[in-house]
Structures are given as C-alpha cells and as structure tokens.
Amino acid sequence: MRLEQELKKRFGFDSFRPGQEDVVRSVLDGKDTLAILPTGMGKSLCYQLPGDLMDGLVIIVSPLVSLMEDQAASIRRRGEKRVAAVNAFMPSDERRQLFAEIGTVKFLFISPEMMTRPDMTRFLSSQHVALLVVDEAHCISQWGFDFRPDYLRLGDFIRKAGNPVILALTATADGRVEKDILGYLEMSDANVFRQSLNRPNLYYAVQRAAGEQEKNRWITERLTTTSGPGILYVSSRKRVEELTALLQGHGIRIASYHAGKEAGDRQMIQQQFLSGELAWICATNAFGMGIHKDDIRQVIHDQMPASAAAYVQEAGRAGRDGKQSSAVLLYVPDDEQKVRFIVQHDLPDEAQTAHYLAMKKNGEAAASAAEFAGISETGARLIDYYGEHGGGTAVTEIFTGLRFDKEEKLRQMIGYAAGQTCLRSKLLHYFGEEPAREQIPCCSVCGDMAETWLESALPAPGERAFLPYEERIRLLLC
Ligand SMILES: [Zn+2]
C-alpha cells in the first residue's frame, strides 16, 4: 500500500515524522505494537491513519477528559465526524444514546475507569473492535509516575474482546515500564519502537540554592527579566499559591493551576495560557498532559519530581516547536526528603492495609473502609488489585517492593540534581540510551550558558513597563 498517498490524502502531509511510519505499518500488519515517541512527535497519527484503513471500531483509552476532547476535536477537524467520547461525567441517557448508535462510531475515546466497568466491558467486547489504542500507556505501570490502577484491568477486556490489535503509546518508558506495558496488556509478541529521547534544542540546567528564600529570589529575578511562555512546576498546592502571589506582585502575568481548583477556572487559565494572555503558569504536575502549546520557552522546576521519567516528560513540554529552550531544576540539598515523604505516602503501610482488609471483610464498602484506614483511593484500589492478582504474594510484601523501587527512582533524580556530570547524558543513560554527542548548548555542567535565546522581559528604553492590572485600572480612573 502506498502509505504516503494515504497520508497526503487524509492528513495533507508529504512525509511521516521520525518513527511514525514503522508504527503505522506494524499496526496495519496486525501486530501488537508499543511506540515510545517523545512528546510532540505526532502520536495520534499513529492510530488515526491505520484506524481509517482498518475495518471495525477503534477504541482509544485515554487517562484525561481534556486529552480525550482535544484528540476527538482534532479528528473532527480533518473531516472525520464518526467520533465519540465517553467518560464518567457523561449523563446516563446520553450514554444509552451513544450505545444505540455505536454502529455509526469509528473512533471511540474512553477513560480507563469507564472502560473497565463490567457493563461497559460486556458491551464493547461484543462489538467488532479492530484496534485498541492505549494512550499514555505508562499509566499502567506502578513503576511509572502517573499510575492509574484501572489500566491494570484492561487485560480482562482484551481477552473478552477476542484480542484486537493493540497499540500502546507513551512518551517515556524505561525498561521496567516497557515490560509492564507488554505484560499487563498481554502483548507477548509485539513490535516495540523507540525514538531517542534526546531533545537537542533543550538546554538543561540545575540551579542550586541555599533554601526557599533563595529559590524565591532566583525565580523572581528570572521571571522579571526573561520572558515566557513558561511553566513553573511546584510540588504542593500551597506553594503554588504562595509563589503565584509573590510573582503577580512583581507584575508577572502568571496564574496558578492545580487539581484543587474548579474545573471552570482550570479551563480558563489553560485557555489564557494557550492564547498568550498569560505568560506563565505556576502549577503542580496536574498541568501539562494534553496541553498543546509548541512555543513554551522555559520549564522551571521549583523542586525535583519523583523520577527522571517524570522530569523528562515535564521538562519536555518546552521547545516543541524545535526552537532553543531551557529546562531548569532548582535544587536545595534536602529537597529529596520532602519528595520522599510525598512518594511513600501514597502506599498504605502494613497496619493500614490490615485495617482496610478487616473492614472490608466485615462488609464495609471500599470507600469508607479506605477512609477509616486513613488511605487514599488509589491505595485502596492497589490493595484490591494485588489482593486478586498478586499470585499469592502478600499485598504488604508487594508494597515493600514498590517502596524500594520508588526510592531507586528518586535516587536517579538526586543523581541528576546533585551530580557533576553531563545532565543530558545522564537522562539518556536512565533510559538505556548512549551518552549525548557533544552539543552546544548542552547543559549547566558541560558549560554554564548565558541563556541568550530567552527574550528579555524588561521593557525597552522609553517603553512603559508592564503594569499590574490594578495599577492600570487606577491610572484609567485618575
Ligand atoms: Zn551536557
């Protein structure tokens, strides 16, 4: 088949981006496929094109409602109207309507939580499913950084649906996550395609500070003198609000974003950032997945994330347009203690696990048993899942292993922040890639650069400085 012709006809592109063609051909050959492609490499084309050419329904499991809507909209934009998205917020009458008309749907987006509900599994597995796409497939792995327990149950669906072709997509997966994806999705004979994670146009830097005060000073200086668009990643909601207030006080067009904000507010802030009305977003890691903004010049981390995979993913949101951009990690020795606490807190300890199981045995519902035992919803789902699928190994023993692994992951991140060798090579090494060839600019270890590619945020001589909103109103009223 002349794939280029189909690509031109359906998408208007003359050629594939690196990695895409192999993936498309593999899927069309009927092979289960795992594609590890860095963000911005056009993952969705990898299922849209084969989906168009295959006979039957294409189901795309996607972890976020905003991501689903975004991708569904992009399919509609190219003229394919047979698209639907179903998530937990959908009213039940709309859902029934959708089921009645499933024959007219070609691309169906669904959340893992919906997908694994018994009635949904029954219904969808009775359809002719040509292709099952698992987007953000690293969410299936507890070793990954965005673990979603419901992804683990997709294997049940795959068996019931008569083993459709599976395409698992992710931007980052080390060897262990790769193994998990292949294992849990039962892709025993899959083609695996991996594109290098190296992003030549990113300059990596670690900025040391003595404490929080110094971090605040550095961030303020940086954001008042260099321009965005940029993301400032922060580890807690409280710190997000504090830093946002501090920076707004300096006249910076920045807004806060975290999971505790109203959905409407989050959407508005996201829009303002996309349109350029806001230059900066100060956010927890809840921000970013599914955000398509190519011209982000800086990603700054106020504190290290829990793993190199998370760092690569978040920092990788800078410079998707290929232009020179910066990824800076601020580091105070001791930061790791805080990160360690957050990371380990997710996993129930032995007493909590026992408490939870005893309550459930007494007929208590999962949600209230979790509350009584003082564990998170994710923690409860993990106990349930490993209780059923642990193969006889005690849940607490599995958790001990997981804790150990999380610690290893964190150690990599500490190695990055505190180490004395090339930052780029270190990140590549964590994902089994060869060290980077000499590149300028590379990183703050290879040679500290004046980041001349960042535009100045200072007003040109004679130009009026940007005034905070309240100040502008005051001047108007005078
Ligand atoms: Zn370097």
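Student: How do strands E3 and E4 pair?
Tutor: E3 and E4 (residues 107-110) pair in the parallel sense over 4 bridges. Strands (E, at least two residues) and helices (H or I, at least four) are DSSP runs, numbered from the N terminus. Two strands pair if DSSP finds at least two bridges between them. This is a predicted model: local features need pLDDT of at least 70, side-chain atom pairs need 80 or more, and totals for chains, interfaces and linings use all residues. Numbering starts from 1 along each chain as its sequence is written, and side-chain values use heavy atoms, without hydrogens or water.

Student: Which residue of E4 stands opposite Val86?
Tutor: Ile110 does.

Student: Which helix packs on that sheet, touching E4?
Tutor: Helix H3, residues 45-53. H3 touches E2 (57-61), E4, E5 (129-134) and E6. Contact here means heavy atoms within 4.5 Å. The direction of H3 makes about 140° with that of E4. For such angles, axes are lines fitted to C-alpha atoms, for helices over the stretch in contact, and the angle between N-to-C directions runs from 0 to 180 degrees.

Student: What's the strand order in the open sheet of 7 strands?
Tutor: E3-E4-E2-E5-E6-E1-E7, with parallel pairing. E3 (83-86) and E7 are the edge strands, each pairing on one side only. On average, neighbouring strands are turned by 15° against each other, direction ignored.

Student: And E1? Which way do its side chains point?
Tutor: E1 covers residues 33-36. Thr33 and Ala35 point one way, Leu34 and Ile36 the other, and all are buried. Buried means under 20% relative accessible area, exposed means over 50%, and partly exposed is in between (1.4 Å probe, protein chains only).

Student: What does E1 pair with in the parallel sense?
Tutor: E6 (residues 165-170), over 4 bridges, and E7 (residues 191-194), also over 4 bridges. Ala35 stands opposite Leu169 in E6. Ile36 stands opposite Arg194 in E7.

Student: New topic, the metal. What coordinates the zinc ion?
Tutor: The SG atoms of Cys422, Cys442, Cys443 and Cys446, at 2.3 to 2.4 Å. Donors are N, O and S atoms within 2.8 Å of the metal, or 3.2 Å for Na, K and Ca. Water is not among the atoms, so sites may look incomplete. The donor spacing along the chain is C-x19-C-C-x2-C.

Student: What geometry does the zinc site have?
Tutor: The site is tetrahedral, with angles of 101 to 118° among its 4 donor atoms. Four donors count as tetrahedral if all angles lie between 85 and 135 degrees. The ideal angle for four tetrahedral donors is 109.5 degrees.

Student: Cys442, buried or exposed? And Cys446?
Tutor: Cys442 is buried, because its relative accessibility is 6%. Cys446 has a relative accessible area of 51%, so Cys446 is exposed.

Student: Where is Thr226?
Tutor: In the loop between H10 (212-225) and E9 (230-233). Thr226 counts as buried because its relative accessibility is 14%.

Student: What does Thr226 touch?
Tutor: Trp280, Gln298, Leu454, Glu455, Ser456 and Ala457, not counting residues up to four places away in sequence. A polar contact of 2.9 Å joins the side chains of Thr226 and Gln298. A polar contact is a pair of N or O atoms within 3.5 Å; within protein, one must be able to donate a hydrogen and the other to accept it, and residues adjacent in sequence count only if both atoms are side-chain atoms. A polar atom of the Thr226 side chain also lies 2.7 Å from the backbone oxygen of Arg222.

Student: Is the peptide bond from Gly228 to Pro229 cis or trans?
Tutor: Cis, with omega near -5°. Pro229 sits in the loop between H10 and E9. Most peptide bonds are trans.

Student: What about the phi of Glu136?
Tutor: Phi is near 50° there, a positive value in a residue other than glycine. Glu136 lies in the loop between E5 and H8 (154-160). Glu136 is buried, because its relative accessible area is 6%.

Student: And the phi of Asp334?
Tutor: Positive, about 115°, although Asp334 is not a glycine. Asp334 counts as partly exposed because its relative accessibility is 49%.

Definitions and conventions: Four donors count as tetrahedral if all angles lie between 85 and 135 degrees; four count as square planar and six as octahedral if opposite donors are over 155 degrees apart and all others between 65 and 115; anything else is irregular.
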